[in-house]
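The sequence and coordinates are shown first.

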Amino acid sequence: MSQFGPEYIRAIAPYQAGKPISEVAREFGLDEAKIVKLASNENPFGVPESAKQAMAAAAAELGRYPDANGFELKAALAKRYDVPADWITLGNGSNDILEIAAHAFVKAGESVVYSQYSFAIYALAAQGVGARGIAAPARNYGHDLDAMLAAIEADTRLLFIANPNNPTGTFIPAAEIEAFLDKVPAHVAVVLDEAYNEYLEAKDQFESTAWVRKYPNLIVSRTFSKAYGLAGLRVGFAIAQPAVTDLMNRIRQPFNVNSLAQAAAIAALNDKAFLEKGAENNRAGYRQVVAAFQELGLEYVPSYGNFVLLKVGSDDGAGARVNLALLKQGVIVRPVGAYGLPQWLRISIGLPEENAAFVEALKKALG
Ligand SMILES: Cc1ncc(COP(=O)(O)O)c(C=O)c1O
């Protein structure tokens, strides 16, 4: 172990990303073209055509730095969400927003609250600033908001909620979140991470972005990585009142969102047809895989995202074992042992043929 750096940095276990296709092809001697990747909740349709065109046009200007203030993208977002542009912070993916929030609001020695089985970056963002992460116990694999309230301490400065949650896919209805926000002490900033918001059915959608008018400690975080199909470009954003936004912008890297990403995000934001196609594919794909789980008698957590958590055995080696058997067949999913869920795998919803390939491989893997 290196003697360099503070102890809290040396204690960090790095984030484990989904395996890239090229790595699995090399490791298992497989043809890249035949590999099915359902590991990182990406959009199976890839980049929207509208965004490709916008990037081609923006490419001519790549010799120059990006617009550090993201004027046009913020203007488009401001219009869409009906907030002034100075309520918006742009991020290099929404992951950047989560990190910026930790740096802006939390000192070493203070604490950050999140839920058991929620997105791994929350704990890492807390650790990265030398803060104490407090994981409130989950209820039915989702957030228990009462337990989260109870977990808040005098030195808690930040609280993360993922809705829908990754990796479990659970969802908290609007009324419950609003009641929770009413009770959270004013010294705690709340990041409401809605990376999968666009996959919600209309009946579950709510204008969380309007809540920021009411709650000065609320930061709503969204991303272009999932439903908008731009994961590789890295664009996300936060909406919060100007006092909070101002603090976040003080420590944001000035050029954290590159020019191609800004151009593509504007195009994707206005591409309603692409979003609708993705949401429809997701609903059908979810029904497809869940029908197979039911046929196989497998337990899963009902999901509101573009992925589903599946129990593949009752011993703690099950997730790793079934994952390896799937990898050997060229299907990449996500083991979630690091989340304390060693008996489960998380599977992203793909195209119908990808889902079918996964189901076939799963049947073989389970023997
Ligand atoms: C709940 C949640 N929040 C945030 C992110 C970060 O995504 P990105 O940095 O690509 O916006 C993810 C990605 O998986 C996620 O699942």
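A residue counts as buried when its relative accessible area is under 20%, and as exposed when that area is over 50%. The model discussed here is predicted.

**Strand S6**

By the cut-off of under 20%, five of the five residues of strand S6 (residues 189-193) are buried, so the strand is largely enclosed by the rest of the structure. Ala189, Val191 and Asp193 point one way from S6, while Val190 and Leu192 point the other way, and all are buried. In a regular strand, side chains alternate between the two faces of the sheet. Strand S5 (residues 156-162) pairs with S6 in the parallel sense, over five bridges. Within this pairing, Leu158 stands opposite Ala189 of S6.

**The ligand site**

Asp193, one of the residues of S6 that are buried, is also among the residues that surround the ligand. The others include Gly93, Ser94, Phe119, Asn166, Ala195, Thr223, Lys226 and Arg234. Asn95, Tyr196 and Ser225 also belong to this group, and each of the three has a polar atom listed below with its distance to an oxygen atom of the ligand.

| Residue | Atom on the protein side | Distance to a ligand oxygen atom |
|---|---|---|
| Asn95 | polar backbone atom | 2.9 Å |
| Tyr196 | polar side-chain atom | 2.6 Å |
| Ser225 | N or O atom in the side chain | 2.6 Å |

Taken alone, the ligand exposes 400 Å², and the protein buries 93% of that area. The space that the ligand takes up is the second largest pocket.

**The antiparallel sheet**

A further group of four strands forms an open sheet in the order S9-S10-S13-S12, with antiparallel pairing. S9 and S12 are the edge strands, each pairing on one side only.

How are the neighbouring strands S9 (residues 300-301) and S10 joined? Two bridges link them, and they run antiparallel. Tyr300 has Leu310 as its bridge partner in S10. The two strands form a hairpin, with five residues between them.

S10 (residues 307-311) has four of its five residues buried, so this strand is largely enclosed by the rest of the structure. On the side of strand S13 (residues 344-348), S10 pairs in the antiparallel sense over five bridges. Here Lys311 has Trp344 as its bridge partner in S13.

S13 is in turn joined to S12 by two bridges, and these strands run antiparallel. Arg334 stands opposite Arg346 of S13.

**Two loop residues**

Which loop holds Gln343? Gln343 lies in the loop between strand S12 (334-335) and S13. Its relative accessible area is 17%, and therefore Gln343 counts as buried. A polar atom of the Gln343 side chain lies 3.1 Å from the backbone oxygen of Ser314.

Is Ser40 buried or exposed? With a relative accessibility of 17%, Ser40 counts as buried. Ser40 is found in the loop between strand S1 (36-37) and helix H3 (49-59). The side chain of Ser40 makes a polar contact with the side chain of Lys37, at 3.4 Å.

How values were computed: Residues are numbered from 1 along each chain as its sequence is written. This is a predicted model: local features need pLDDT of at least 70, side-chain atom pairs count only at pLDDT 80 or more; totals for chains, interfaces and linings use all residues. Side-chain values use heavy atoms; hydrogens and water are left out. Buried means under 20% relative accessible area, exposed over 50%, partly exposed in between (1.4 Å probe, protein chains only). Two strands pair if DSSP finds at least two bridges between them. A residue is near a molecule or strand if one of its heavy atoms lies within 4 Å of it. A polar contact is a pair of N or O atoms within 3.5 Å; within protein, one must be able to donate a hydrogen and the other to accept it, and residues adjacent in sequence count only if both atoms are side-chain atoms. Accessible areas come from the Shrake-Rupley method with a 1.4 Å probe; for residues, only the protein chains shown count as cover. On a 1 Å grid over the protein atoms alone, a cavity is a set of points where a 1.4 Å probe fits but cannot get out, and a pocket is an open set with protein on both sides within 12 Å along at least five of seven lines; lining residues have an atom within 4 Å of a point. A molecule sits in a cavity or pocket if more than half of its atoms lie within 2 Å of its grid points.
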